[in-house]
Amino acid sequence: MDAKTGRAPVIIGTGSAWPERAVSNLDLQNIVDTSDEWITRRTGIRQRFIARADQNEETSDLAASASLAALEMAGKTPADLDMIILGTVTGDKPFPACACLVQDKIKAKKAAAFDISAGCSGFIYSLSMAQNLIKAGQCNTVLVIGVDRISVMLDWKDRANCVLFGDGAGAVVVAAGEGPEKILSTHIRSDGACWDMLYGEYGAPYVHPSLEPLQPKPFHVVMEGNRVFKKAVSSMASLSHEALKANNLTGEDIALLIPHQANMRIITALAERVNVDMDRVYTNIDRFGNTSSGSIPIALDEAHRKGVIQKGDHVLLVTFGAGPTWGASVISWGI
């Protein structure tokens, strides 16, 4: 709760959405020089969902579906929204903001809407904005979305990177409430000096015929996996400790850690450094791959709907993305 306004930002609804088309590691063996064994051993991924451009599976479509699910859970309508904040690097168009397209699709007439570009950290960055808008008294109800269609910017000849990603969206409704169950704090960081470890390079990527129609973007993902691995583990672990300390908590107090679903080896290394046993870490990377900004909110929605999170539980969200950017949020669960 904000000491001046008495307003606490509370997550009151979650939702998620993903494409119909599932692409397994076995499918990828027919697309690129790889194997199910290699992908699973190196990443923990067994399948991912890849959107089709001809089946209403644009970025804004997935985001709108996740948003409506979150609003339904929250008992809110689109008319209740004051703001829509959407994290993505794969909006439908260069402009307008994908959030504005979502606003139109769900008919949130009075909501202001804008995008945040922070790579895979887009959802946590957006959550930070929503938390502070509510604490400041500028908004009562905010829709926060994390969504990406990374498939449209993958070079499907790049065997090291194309196997890692999938498409999907997650959303939460954040509303003004009264403690103690609330978003306790959110922390965000960046280090632009290391931008070249993960970025989008100009030039349309190769798309295998079996994956059409994708309508690829005029740029593609470039990533140095080893550099990203080291930076991601150290940065997320350090910021997790900072976030826990800010709330007088330790890893032992965390009922559930929901990390960015990028690589199972990164997740395992992070959990060890934060002192959270793996039975208190939620993962769905085996089924979704890395959905970038959609990663954490999809996992959060799944965990909540499965009853893995209970009211009053302390939940730690932590992510790392292009920029590089990273973020962590500690939540006392309130639904």
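The structure described here is a predicted model. An unreviewed UniProt entry gives residues 244-333 the feature "domain: Beta-ketoacyl-[acyl-carrier-protein] synthase III C-terminal".

The annotated active site comes next. In the unreviewed UniProt entry, the annotation "active site" covers Cys120, His260 and Asn290. These residues span 171 residues in sequence, yet no two of their C-alpha atoms are more than 8.8 Å apart, so they gather at one spot. Cys120 is located in the loop between β5 (112-116) and α5 (122-135). With a relative accessibility of 11%, Cys120 counts as buried, because buried means under 20%.

The surface carries a patch of negative charge, in which Glu252, Asp253, Asp277 and Asp279 gather. One of these residues, Glu252, belongs to the loop between α6 (225-246) and β11 (256-259). Its relative accessibility of 61% makes Glu252 exposed, because exposed means over 50%.

A further loop residue is Ala322, found between β12 (314-321) and β13 (325-332). Ala322 has a relative accessible area of 25% and is therefore partly exposed. Between Ala322 and Leu71 there are 251 residues of separation in sequence and 29 Å in space, taken from C-alpha to C-alpha.

| Residue | Relative accessible area | Class |
|---|---|---|
| Cys120 | 11% | buried |
| Ala322 | 25% | partly exposed |
| Glu252 | 61% | exposed |

Terms used. Residues are numbered from 1 along each chain as its sequence is written. This is a predicted model: local features need pLDDT of at least 70, side-chain atom pairs count only at pLDDT 80 or more; totals for chains, interfaces and linings use all residues. Side-chain values use heavy atoms; hydrogens and water are left out. Patches are made of residues with over 30% relative accessible area and no salt bridge: like charges are joined within 9 Å, nonpolar side chains (Val, Leu, Ile, Met, Phe, Trp, Tyr) within 5 Å. Accessible areas come from the Shrake-Rupley method with a 1.4 Å probe; for residues, only the protein chains shown count as cover. A salt bridge is a side-chain nitrogen of Lys or Arg within 4 Å of a carboxyl oxygen of Asp or Glu. Lys and Arg count as positive and Asp and Glu as negative; His and the chain ends are not counted. The place of a charge is taken as NZ of Lys, CZ of Arg, CG of Asp or CD of Glu. Helices (H or I, at least four residues) and strands (E, at least two) are DSSP runs, numbered from the N terminus. Buried means under 20% relative accessible area, exposed over 50%, partly exposed in between (1.4 Å probe, protein chains only). UniProt positions are given in the numbering used here, feature names are shortened, and annotations may be inferred rather than shown by experiment.
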